[in-house]
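Dear colleague,

Please find below the structure that I am handing over to you. My notes on it follow directly after the display.

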Amino acid sequence: MQTQHIEVSNRLNSSYKPIQNEEDVAKLDYWLNLVGETQDKLAFSQLFSWFAPKIRAYGIKKFNDPTLAMDLVQETMTLVWRKAALFNQTKGNASGWIFTVMRNHSFDMLRKMQSNKEDTISSDLWPLFDKQVETIETDWLESKQLHRLVSLLPEAQRVVVEGLYIQGLTQHELSEHLDQPIGTIKSRLRLALSKLRQEYEND
């Protein structure tokens with residue numbers, strides 16, 4: 001099931017009550033067990049309505065981004081639907097189990113975001129050209145100035161910069177292409193960026 005394209009906004013506007021008593025705990029356990037045993041869509045809908053606002057609030061606090069928070073809601077509840085059969089009531093209640101799923105996925109999202117940042121590392125290079133970017137709309141890897149600066153780098157560092165920025169490879173792809181450890185690629189990139197900053201400031 002792909003959460004059947006549930007209208008998240010409608011779910012989030014429904015009334016939400018924090019877990020306060022044993023009756024609520026039992027109700028949530030019952031719904032989660034139904035989803036796990038029979039893929040009961042109504043029970044899942046009830047769980048979604050109950051947990052979506054809490055997950056969204058956690059996501060906003062974690063990512064400071066409403067869009068990512070909503071992604072966390074959708075992905076968490078999709079995982080709940082798929083893995084509900086793994087819920088073991090003897091080891092904890094539904095709330096604890098679902099929030100564990102939520103936290104684990106939020107860590108996965110953060111790791112993916114960090115990996116993407118390391119792969120592109122645009123933020124490490126482009127601040128050198130902030131003033132130019134404000135007035136000229138162009139790709140700075142096509143500019144004569146940047147080509148000249150890159151050409152001043154030692155060959156090993158130049159190949160890394162050109163591979164990442166001109167060829168559009170990720171660090172992992174470049175590592176495989178050059179048959180070099182990823183640590184070597186990162187090290188050469190750091191050295192290259194340091195030299196580029198120095199050359200730019202002295203230019």
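Helices here are DSSP runs of H or I with at least four residues, strands are runs of E with at least two, and both are numbered from the N terminus. The model is a predicted one, in which local features need pLDDT of at least 70 and side-chain atom pairs count only at pLDDT 80 or more, while totals for chains, interfaces and linings use all residues. Residues are numbered from 1 along each chain as its sequence is written, and side-chain values use heavy atoms, with hydrogens and water left out.

**Overall composition**

The chain has eleven helices and zero strands, so that its pattern along the sequence reads α-α-α-α-α-α-α-α-α-α-α. Of its 203 residues, 35% are buried; buried means under 20% relative accessible area, exposed over 50% and partly exposed in between, with a 1.4 Å probe and protein chains only. Contact means heavy atoms within 4.5 Å. Among the contacts in the chain with a separation of 6 or more, 63% are between residues 24 or more positions apart.

**Helix packing**

Two packed helices are described by the angle between their axes and the distance between the axes. Axes are lines fitted to C-alpha atoms, for helices over the stretch in contact, and angles run from 0 to 180 degrees between N-to-C directions.

Helix H2 (residues 22-38) packs on helix H3 (residues 41-63) at an angle of about 130°, with the axes 8 Å apart. H2 is therefore oblique to H3, given that angles under 35 degrees count as roughly parallel, over 145 as roughly antiparallel, 65 to 115 as roughly perpendicular and the rest as oblique. The crossing of H2 and H3 is left-handed; a crossing has this hand if the near helix is turned anticlockwise from the far one by less than a right angle, and is right-handed if clockwise. On the H2 side the contact includes Leu28, Trp31, Leu32 and Val35, which meet residues of H3 including Phe44, Leu47, Trp50 and Phe51. The residues of this contact comprise ten nonpolar, one polar and two charged, where Ala, Val, Leu, Ile, Met, Phe, Trp, Tyr, Cys and Pro count as nonpolar, Asp, Glu, Lys and Arg as charged, and the others, Gly among them, as polar.

The axes of H3 and H4 cross at roughly 145° and come within 8 Å, and this crossing is right-handed. Among the H3 residues in the contact are Phe44, Leu47, Phe48, Phe51 and Ile55, and among those of H4 are Leu72, Val73, Met77 and Trp81. The contact of H3 with H4 divides into 17 nonpolar, three polar and two charged residues.

**Nonpolar cores**

A nonpolar core is a set of buried Ala, Val, Leu, Ile, Met, Phe, Trp, Tyr and Cys residues joined through side-chain atoms within 4.5 Å. The largest one has 28 residues, and Leu32, Leu47, Phe51 and Met77 touch the most other members. At least two residues each are supplied by H2, H3, helix H4 (66-83) and helix H5 (94-120). H3 gives the largest share, nine residues. Apart from neighbours within four places in sequence, Met77 is in contact with Phe44, Leu47, Phe48, Phe51 and Ile55. A second, separate core has 13 residues, including Val150, Val160, Val161 and Leu196.

**Individual positions**

Ile98, which belongs to H5, is buried with a relative accessible area of 0%. Leaving out residues up to four places away in sequence, Ile98 touches Leu32, Leu47, Phe51, Thr76 and Val80. Ser106 lies in H5 and is buried, with a relative accessible area of 0%. Beyond neighbours within four places in sequence, Ser106 is in contact with Tyr58, Lys62, Phe63 and Leu72.

Positive phi values occur in loops. Asn64, in the loop between H3 and H4, has a phi near 55° although it is not a glycine, and this residue is exposed at a relative accessible area of 68%. Asp179 sits in the loop between helix H10 (171-178) and helix H11 (182-202). The phi of Asp179 is also positive, about 55°, in a residue other than glycine, and Asp179 is exposed with a relative accessible area of 67%.

Yours sincerely
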